[in-house]
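Work through the following exercises with the sequence and the coordinates open. Each task is followed by a solution in steps.

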Amino acid sequence: MSQFDLVVIGSGPGGYVAAIKAAQLGLKVALVEKDNSLGGTCLNVGCIPSKALLHSTEVYQEALHGKKHGLVGAEKLTFDVSAMLANKDKVVAQLNMGVGALLKKRNVEIVRGLGRLVKSGEVLVRSTAGDRTLETKNILIATGSVPIELPFMKFDGETVISSDHGISLKAVPEKMVVVGAGAIGLELGSVWARLGSQVTVVEMLPVIGGPSYDADIAKAAQSAFEKQGIKFELGAKVTGVKKSAGGSALTAERDGKSLEFAADKILVAVGRKANTTGLGAQEAGLKLDERGRIVIDAHFLTNLPGVYAIGDVVAGPMLAHKAEEEGVAVAENLAGKHGHVNYAIIPGVIYTDPEVACVGLSEAEAKAKNIEVAIGKFQLAGNGRAIASDCTAGFVKVIACAKTDKLLGVQMVAKGASEMIAAACAHMEYGGSAEDVARTCFAHPTVSESFKEAAMAVSKSSIHSL
């Protein structure tokens, strides 16, 4: 038996950050992890490995098309998939070690095994070394999520694959069909398309990117991806997979017509679902919603006293940074402070090239709330750094309240949008206006000046556009 102030189940971004923050604030903390590696989905099979693959393939594409920049023989370059995967694994291993070192430095006890909620104040950890019971004042569930599997297209790891498989393919598939045009599908589709795979993205909705993005942003992103060779089949409902001696094909229907898309690999990326496998939620009486997510109140507390939950296992956007903010808030609350999360200002990013990013309300969402808006846009084709850097695809869009000029949302398709969106978050955090952004001095030349110009365009005073 062990006594702790807090036991965290799950070492993903939400869990390990919560553990570190709680330890910083003087709590005695244990972190339970069932896998051999720390960091959860994000570090091991999600955010980090996919970004390593995206970077490797971006470097390859830039070199391949480097003739005009003076690269001699660039068009003859070839690519070593095994080296790319080895680099990805090295990146992941380095960060695994880093998380472990941070936890050790903060005196967080790492308990290996499957954490099971017995009741308030008690966690049972099962491992090959035997069972161990942890007694604790508080429990934080941060068990994350797993890929959604279509019931009529089970993952087989060979033809029908999940994102977990999609980051570890040993060879470039001749033809890949991606089911779902959200962040995961677009990112992994981009990786393999850059290496020569014929990628077709099949999406049930009429636009790509998901509901957070306005149609003009989605259209600009789609146009950029199509120029890279990715094909889109929108408004198509997937019905199954057909296998024959001649190969495999994804079947779908649109407007009453049957469709078939030949594929060596079918990557299903239709979203993720809360992971409560092995948690003992039902036996402990933990309340779940209709989608299997843990129900919490405004302070992350479940229906069980002293049991909290954060991240992908609860409602809200399934984003690592959202989980981190929630983990910090729970730790602060347990330490007697006033932790909170501003859910109105959580950015979303698709890490393609160009990247797609957003924060706050879209134009469509604002209008649905009957808010009168003023819109400012600036095309990257008018930005000096973008022109000099061969990254003129896309634009920045600022959504402001027409009456008060307050920033309501920012959306962008741009090289480096994942970094630029932070400036929008900072201005929105203090309730800034479009004019506040317009009067902020941005370094020149930078692509981020496009954000300033878009803010100026809200009042029709952009300098570098007509």
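**Exercise 1.** Find which residues Ile208 is in contact with, leaving aside its neighbours within four places in sequence.

Solution. Contact means heavy atoms within 4.5 Å. On that criterion, Ile208 meets Ala181, Leu186, Ala218, Ala221, Gln222, Phe225, Phe232 and Leu234. The model is predicted, so local features need pLDDT of at least 70 and side-chain atom pairs count only at pLDDT 80 or more, while totals for chains, interfaces and linings use all residues. Residues are numbered from 1 along each chain as its sequence is written, and side-chain values use heavy atoms, with hydrogens and water left out.

**Exercise 2.** Describe the largest nonpolar core and say which elements supply it.

Solution. Step 1: a nonpolar core is a set of buried Ala, Val, Leu, Ile, Met, Phe, Trp, Tyr and Cys residues joined through side-chain atoms within 4.5 Å. Buried means under 20% relative accessible area, exposed over 50%, partly exposed in between (1.4 Å probe, protein chains only).

Step 2: the largest such core has 38 residues, and those with the most contacts inside it are Trp192, Ile208, Phe225, Phe232 and Val356.

Step 3: the elements that each supply at least two of its residues include α6 (183-194), α7 (215-227) and β19 (355-360). Helices (H or I, at least four residues) and strands (E, at least two) are DSSP runs, numbered from the N terminus. The largest share, six residues, comes from α7.

Step 4: a second, separate core has 32 residues, among them Ile345, Val410, Phe442 and Met456.

**Exercise 3.** Work out how α1 (residues 13-24) is oriented against α9 (residues 320-334).

Solution. Step 1: the two helices pack at an angle of about 30°, with their axes 8 Å apart. Axes are lines fitted to C-alpha atoms, for helices over the stretch in contact, and angles run from 0 to 180 degrees between N-to-C directions.

Step 2: this angle makes α1 roughly parallel to α9. Angles under 35 degrees count as roughly parallel, over 145 as roughly antiparallel, 65 to 115 as roughly perpendicular and the rest as oblique.

Step 3: on the α1 side the residues in contact include Val17 and Lys21, and on the α9 side they include Glu324 and Val328.

**Exercise 4.** Is Thr200 buried or exposed?

Solution. Thr200 lies in strand β10. Its relative accessible area is 13%, so Thr200 is buried. Apart from residues up to four places away in sequence, Thr200 touches Met176, Val177, Val178, Lys231, Glu233 and Phe261.
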